[in-house]
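Entries follow in the order I checked them.

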Amino acid sequence: VWLGFEDGASLSRIEWPCDASAVDEELVASLVLQLMRAGSDAKLMGKVLSAESLLLLLQQAQRLFASYGNVVDVEVPPVDEDGAGGEGGNSDSHGSSGGNDGEDRVTVTVLGDTHGQFYDVVHVLACKGLPSASHYYVFNGDLVDRGAWALEIVVTLFAYKVLYPDYVHITRGNHESEYCTQAYGFHSEVLNKYDEAVYKRLIGTFKHIPLAVRLLPREDEEEDDDDEDDEDDEDEDDEDEDDEDE
């Protein structure tokens, strides 16, 4: 649907829910499609997502970001030895949680330095697959500035973060700061689409975004149980040896 969108087609207003638990896949997909249609005219974004709805989204995203430390540990199934790395700012890792023939296979896509290239981000999502329990995304900072659609990227990624907090992770780059956004274009972009109050709220939310994500292998519970059994056996053997010595 996204790859076949019509620029300038009729727009629909997206009402963002007050309750984050009411956010679903259909809502986020509709939001992204409407943002794509409005992208040719900065003034149209406010018709798709009102300032009130945007502020609700920022509040929900900030609540999630504030629950993390500066470094977020994300446990994923162990990476396969044949996992393929990407080029440039992108990379993919593939893992298996112990099933056979790729069963329960998990992909991790890392994408960085999007710098306002909204349509490139959507293209990646459409081609690589949307976030899910079997496809984690890490958006590695520098979302804004330089490109013309940085706010659309922020809205899209924050919406997916609210929808899938465990599968979508975002880090803060140096451009997610008040100084850089005023020097490299994001401040002007937000003023063209909304107002100074929205900009200030965005900067406040950026301050809570973690600085780094560590991807860690998730250990299978069965392996943990086996390790505990081995330790128990060793303890019993030691006790038997002690009894013999006595």
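**Entry 1: Glu178 and its partner**

I am working with a predicted model. I began with Glu178, which counts as partly exposed at 34% relative accessibility. I then looked for its charge partner and found Lys200, in a salt bridge whose closest N and O atoms are 3.1 Å apart. Glu178 lies in helix H6 (residues 178-184) and Lys200 in helix H8 (residues 196-206), so the pair ties together parts that are 22 residues apart in sequence.

**Entry 2: the remaining charge pairs I followed**

How many salt bridges does the structure hold? I find four.

I went next to Lys193. Its side chain meets that of Glu152 in a salt bridge, 2.7 Å from N to O. This pair links distant parts of the chain, with Lys193 in helix H7 (residues 186-193) and Glu152 in helix H5, 41 residues apart. Both Lys193 and Glu152 are buried.

Lys193 also forms a salt bridge with Glu189, at 2.8 Å from N to O. Here the two residues share helix H7 and sit four residues apart, about one turn of the helix. Are Lys193 and Glu189 buried or exposed? Lys193 has a relative accessible area of 9%, under the 20% cut-off, so I log it as buried. Glu189 has 8% and is buried as well. I therefore note one network of salt bridges, made of Glu152, Glu189 and Lys193.

**Entry 3: H1 against H5**

How do helix H1 (residues 25-38) and helix H5 (residues 150-163) pack? Their axes are 10 Å apart, at an angle of about 175 degrees. That makes H1 roughly antiparallel to H5, because an angle over 145 degrees counts as such.

I listed the contact residues. On the H1 side they are Glu25, Val28, Leu31, Val32 and Leu35. On the H5 side they are Glu152, Val155, Thr156, Ala159, Tyr160 and Leu163. By class, the contact of H1 with H5 has eight nonpolar, one polar and two charged residues. Glu152 is thus on two of my lists, because it is in the contact with H1 and in the salt bridge with Lys193.

I checked the length of H5. At 1.5 Å a residue, its 14 residues should span 20 Å, and its end C-alpha atoms are 20 Å apart, which agrees. I also checked burial: 14 of the 14 residues of H5 are buried, so the helix is largely enclosed by the rest of the structure.

**Entry 4: Leu35**

I picked Leu35 from the H1 side of that contact. At 1% relative accessibility, Leu35 counts as buried. Leu35 and Glu152 are 117 residues apart in sequence, yet 6.7 Å apart in space, C-alpha to C-alpha. Leaving out residues up to four places away in sequence, Leu35 touches Met45, Val48, Phe118, Tyr119, Glu152, Val155 and Thr156.

**Entry 5: Arg13**

Arg13 is in the segment before H1. Its C-alpha is 4.4 Å from that of Val48, across 35 residues of sequence. Beyond residues up to four places away, Arg13 touches Gly46, Lys47, Val48, Leu49 and Ser50. Arg13 is partly exposed, with a relative accessible area of 43%.

**Entry 6: H3**

I ran the length check on helix H3 (residues 51-66) too. Its 16 residues should span 22 Å at 1.5 Å a residue; the end C-alpha atoms are 22 Å apart, which agrees. Which residues of H3 are buried? I noted Ser53, Leu54, Leu57, Leu58, Gln60, Ala61, Gln62 and Phe65. These buried residues pack against H5, strand E5 (168-171) and H8.

**Entry 7: positive phi**

Last, I looked at the loop between strand E4 (135-140) and H5, where Asp145 sits. Asp145 has a positive phi of about 75 degrees although it is not a glycine. Arg146 lies in that loop as well. Its phi is positive too, at about 70 degrees, and Arg146 is not a glycine either.

Terms used
Residues are numbered from 1 along each chain as its sequence is written. This is a predicted model: local features need pLDDT of at least 70, side-chain atom pairs count only at pLDDT 80 or more; totals for chains, interfaces and linings use all residues. Side-chain values use heavy atoms; hydrogens and water are left out. Axes are lines fitted to C-alpha atoms, for helices over the stretch in contact, and angles run from 0 to 180 degrees between N-to-C directions. Angles under 35 degrees count as roughly parallel, over 145 as roughly antiparallel, 65 to 115 as roughly perpendicular and the rest as oblique. Contact means heavy atoms within 4.5 Å. Ala, Val, Leu, Ile, Met, Phe, Trp, Tyr, Cys and Pro count as nonpolar, Asp, Glu, Lys and Arg as charged, and the others, Gly among them, as polar. The expected span of a helix is 1.5 Å times one less than its number of residues. Buried means under 20% relative accessible area, exposed over 50%, partly exposed in between (1.4 Å probe, protein chains only).
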